[in-house]
Amino acid sequence: MFGGQAVNGASPLLRRVGRRSLVGLLVVLLGSLVLPALASADGEGDDLAIRAIVKDQQRDANGKADNQPVEGVEFVVSDESGVEVARATTDAKGVALLPLPGRAVYTVQLLEDSLPDGLSLGDSTSASVAVDANEFVTSTKALNFFTGASQSAEQTFGERLAQRIMDGIRLGLVLAMCAVGLSLIFGTTGLTNFAHGEIVTFGGLATFVFNITGLTFLGFLSFLPGVTEQGTFHILWAAPIGVVLGGLFGWALNAGIFSRLRRRGIGLVTQMVLTVGLSILLRNFFLSRFGGRTRPYREYTLQQAIEIGPVSITPRDLVVSLLSLVILVSVALGLRYTRLGKATRAVSDNADLASATGIDSERVIRLVWILGGALAAIGGVFRGLDEQASFDMGSRLLFLMFAGITLGGLGSAFGALVGSFVVGIMVEVASLVVPTELKATPALLVLILVLLFRPQGILGKAQRVG
Amino acid sequence: MDWSLIIENSIKGLVGINAVYFAVAAIGMNVQYGYTGLLNFGQAGFMACGAYGLGMTAHYFDISMWWGIPLGIVFSVLLGLLMGIPTLRLRADYLAIVTIAAAEIIRLVVRSVRFKTYFGGSDGINNFSEPFRKVGTDLGIQQSAEYGFRPLEFTGRELWTLVVGWIVVAVFGFLVYKLMKSPWGRVLKAIREDEDAVRSLGKSVYSYKMQSLILGGVIGTFSGMIFALDRGSVQPDNYSRDVTFYVLTALVLGGVAKVTGSIVGPMLFWGLFTFVDNFMRQVAEDPIKVGNFTLLQSTQVGQLNYMLIGLALILLMVFRPQGLVGNRKEMAFDGR
């Protein structure tokens with residue numbers, strides 16, 4: 001997605017620069033706006049090199065795979081005619097940097113004599129690897145070499161399945177949190193909001209700003225515990241602030257754009273295309289201010305996982321999951337039993353009838369945007385804790401959210417909860433069978449199958465949706 | 001500020017290869033969105049079909065590049081069926097959701113390591129466009145020679161792609177123009193305005209929508225082919241969902257439900273984009289600061305441009321959803 005964006009937009013000026021320097025330029029462009037030092041380093045990255053990494057496959061005390069770097073392993077790179085062009089030895093991090101003289105085909109040879117005593121290459125690792133530098137996308141290519149027996153295969157299928165289901169529940173909870181707003185907004189206004197992912201990102205990044213970047217003018221609050229003079233806040237402060245801002249953001253989107261469009265009677269398709277524009281605008285704004293990297297929050301980053309039966313989970317993820325569960329159950333109960341919840345469902349069901357019974361549907365819609373924004377922001381914060389914050393953390397979830405709410409029944413809040421949960425588990429479990437990079441594919445399959453056989457979703461009412 | 005360079009580049013942007021492949025893609029999207037009211041947010045997926053059809057001839061099948069054209073068309077018809085069968089009986093937004101998802105999955109599959117044998121993984125496919133170049137050389141266009149006059153100067157390599165590209169634009173433009181004047185086209189427009197009325201006349205709305213989706217997709221496939229031939233390579237990340245959105249913006253800018261709109265729009269889009277891009281790059285040579293806060297530095301120009309595209313799409317939808325040359329009455333449908 002990074003490369004895609006800029007390459008499609010490459011102006012004639014850029015195209016003349018040529019592909020290699022274009023790549024360098026792109027790295028600078030998209031890489032690090034906030035850290036200029038890093039940007040200039042990337043800009044000079046036209047020197048081709050191979051990063052050979054040697055690791056010994058071990059397990060830590062908890063029996064999890066924990067690969068250790070191997071120092072002092074020698075590498076030789078030779079070109080097609082067998083002439084040596086580079087030679088290097090791995091450092092304490094197990095990394096050897098092998099500069100290449102140009103784009104050609106090379107052979108990278110690990111000298112097995114240089115391996116420390118007692119270590120030998122793993123079964124699936126070959127000592128000699130052919131590399132075509134013409135196919136490098138960036139200027140360096142990483143090659144991994146493993147010693148010792150593979151440790152990952154020792155888990156039984158049952159253990160892996162249990163772990164995947166656990167991960168799936170975590171993903172499902174976050175998805176559900178993000179998707180409730182999307183579904184409620186759809187239910188009450190009929191709008192499919194393609195910018196909903198950006199509200200998720202907004203929550204995650206707003207929290208990041210308060211947690212890491214810091215707002216110096218808030219330094220006077222440093223008498224509070226967890227607040228520094230630079231205006232950075234402990235995550236327990238920053239997260240609620242981010243959530244409140246997410247709610248405000250939802251309110252602002254409705255008040256600033258969508259309520260006006262509704263008043264002017266602008267068609268839903270037009271509004272939908274508008275949300276696409278909004279998504280492009282916001283995502284690139286996040287990219288320009290935050291940069292293309294993913295970055296963690298300050299607190300609770302490294303934690304020792306605790307074992308519960310066959311699965312392991314960090315205390316952070318456990319707390320996040322339980323918290324999500326509490327929030328989602330309260331939302332569901334609120335929708336079921338409170339006056340506002342009933343009003344929301346009434347507007348979803350039939351806005352005209354709801355108005356006729358004296359429900360102020362604009363007020364309900366406003367509250368739905370606020371609630372949806374806040375819930376999406378919570379989802380963003382939790383996702384940020386789990387997978388770090390990035391400019392597209394939300395938009396990458398959008399498609400899974402759609403799959404979830406379609407499965408549950410478009411417009412039904414309970415459906416969104418159940419559907420997202422199922423999609424989350426399925427996507428994670430599917431990665432046992434399909435490669436991780438393709439684990440989102442089953443979600444598309446579900447989407448298509450649901451639309452074919454039960455377009456109203458699991459919990460939707462059977463009605464004509466055509 | 002070097003105005004002559006900015007103006008020159010912008011004029012080249014108006015007619016350059018980016019405008020060409022956007023125009024072809026927009027002509028296709030116009031059939032779906034403008035004439036039939038279908039929201040296809042997966043045009044990038046159709047473009048990938050064309051590009052990978054060409055690329056796979058060299059990378060996997062080892063047959064002549066020209067087989068890539070029918071291959072790409074077959075791919076895109078299959079994709080159209082995959083997207084259309086579950087959704088076209090349902091409300092408009094289901095199609096939007098499924099198309100956006102399918103296009104994204106295509107991108108994930110072609111860049112995956114698992115299917116590298118077929119699609120070349122994240123590095124994509126190179127070295128397949130030689131037969132196309134050879135036709136140009138045979139017709140007497142020297143690849144490296146300069147042709148044209150200021151500011152429209154192109155190398156023979158660029159010129160050949162441009163000539164072929166604009167011919168494709170003209171052919172599809174004419175085809176769509178004629179089709180929309182035909183009874184078939186009138187049914188499409190009627191579906192956009194009132195599906196139930198069309199159904200009551202005994203027409204199969206589903207079948208017409210499917211034909212429209214596939215026709216637009218196949219035209220989009222040719223856009224992907226032109227782009228791949230120009231670059232001489234196929235890269236998975238060139239077919240991200242943002243491409244679809246930019247094509248949509250270009251289409252709406254020009255004018256919806258008008259063939260002229262779908263050609264003028266991409267030209268204007270790239271002319272303006274190049275202008276703003278060049279202008280902002282010169283402005284931002286020194287970082288613009290307000291106090292300690294860096295408002296804009298040169299590395300942020302790229303994102304700023306894309307932000308402006310998003311903003312342009314928002315403003316267009318609010319104030320002129322029919323685009324420059326479109327007819328407002330034709331964009332009054334609401335897809336429910």
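Angles between axes under 35 degrees count here as roughly parallel, over 145 as roughly antiparallel, 65 to 115 as roughly perpendicular and the rest as oblique. The structure is a predicted model, in which local features need pLDDT of at least 70 and side-chain atom pairs count only at pLDDT 80 or more, while totals for chains, interfaces and linings use all residues. Residues are numbered from 1 along each chain as its sequence is written, with chains lettered from A and ligands numbered from 1 in the order in which they are written.

Chain A has an average pLDDT of 81, and 85% of its residues score at least 70. Residues 1-45 of chain A fall below 50, and this stretch has 76 contacts in the model beyond near neighbours in sequence; a contact requires C-beta atoms, placed from the backbone, within 7 Å. Where pLDDT is low, predicted coordinates should not be read in detail.

Chain A contains 15 helices and ten strands, taken as DSSP runs numbered from the N terminus (helices: H or I, at least four residues; strands: E, at least two). Among its 466 residues, 44% are buried, where buried means 20 or more other C-beta atoms within 10 Å of the residue's own, exposed means 12 or fewer, and partly exposed lies in between, with C-beta atoms placed from the backbone. Of the contacts in chain A with a separation of 6 or more, 70% link residues 24 or more positions apart.

An open, antiparallel sheet of four strands in chain A runs in the order S4-S3-S6-S7, two strands being paired if DSSP finds at least two bridges between them. Strands S4 (84-89) and S7 (128-132) of chain A each have a single partner strand, so they stand at the edges with one side lacking a neighbour in the sheet. On average, neighbouring strands of this sheet are turned by 20° against each other, direction ignored. Five bridges join S6 (residues 105-110) of chain A to S7(A) in the antiparallel sense, and A:Thr107 lies opposite A:Ala130 of S7(A).

Turning to the helices, H10 (residues 339-349) and H12 (residues 361-387) of chain A pack with axes 10 Å apart at an angle of about 105°. Axes are lines fitted to C-alpha atoms, for helices over the stretch in contact, and angles run from 0 to 180 degrees between N-to-C directions. H10(A) and H12(A) are therefore roughly perpendicular. Their contact involves A:Leu340, A:Ala343, A:Thr344 and A:Val347 of H10(A), together with A:Ser361, A:Val364, A:Leu367 and A:Val368 of H12(A).

In chain B, the axes of H9 (residues 183-193) and H11 (residues 205-231) come within 10 Å and cross at roughly 110°, so H9(B) and H11(B) are also roughly perpendicular. Here B:Val187, B:Leu188 and B:Ile191 of H9(B) meet B:Val205, B:Tyr208, B:Lys209 and B:Ser212 of H11(B).

Helix H13 (residues 395-408) of chain A has 13 of its 14 residues buried, and A:Gly409, just after this helix, adopts a positive phi of about 115°. Positive phi values also occur in residues other than glycine: B:Asn127 is near 55° and B:Ala257 near 65°. B:Asn127 sits in the loop between strand S1 (125-126) and helix H7 (130-138) of chain B and is exposed, with 11 other C-beta atoms within 10 Å. B:Ala257, in the loop between helices H12 (241-254) and H13 (259-283) of chain B, is buried, with 26 such atoms within 10 Å.

Notes: Contact = placed C-beta atoms within 7 Å. pLDDT = per-residue confidence, 0-100.
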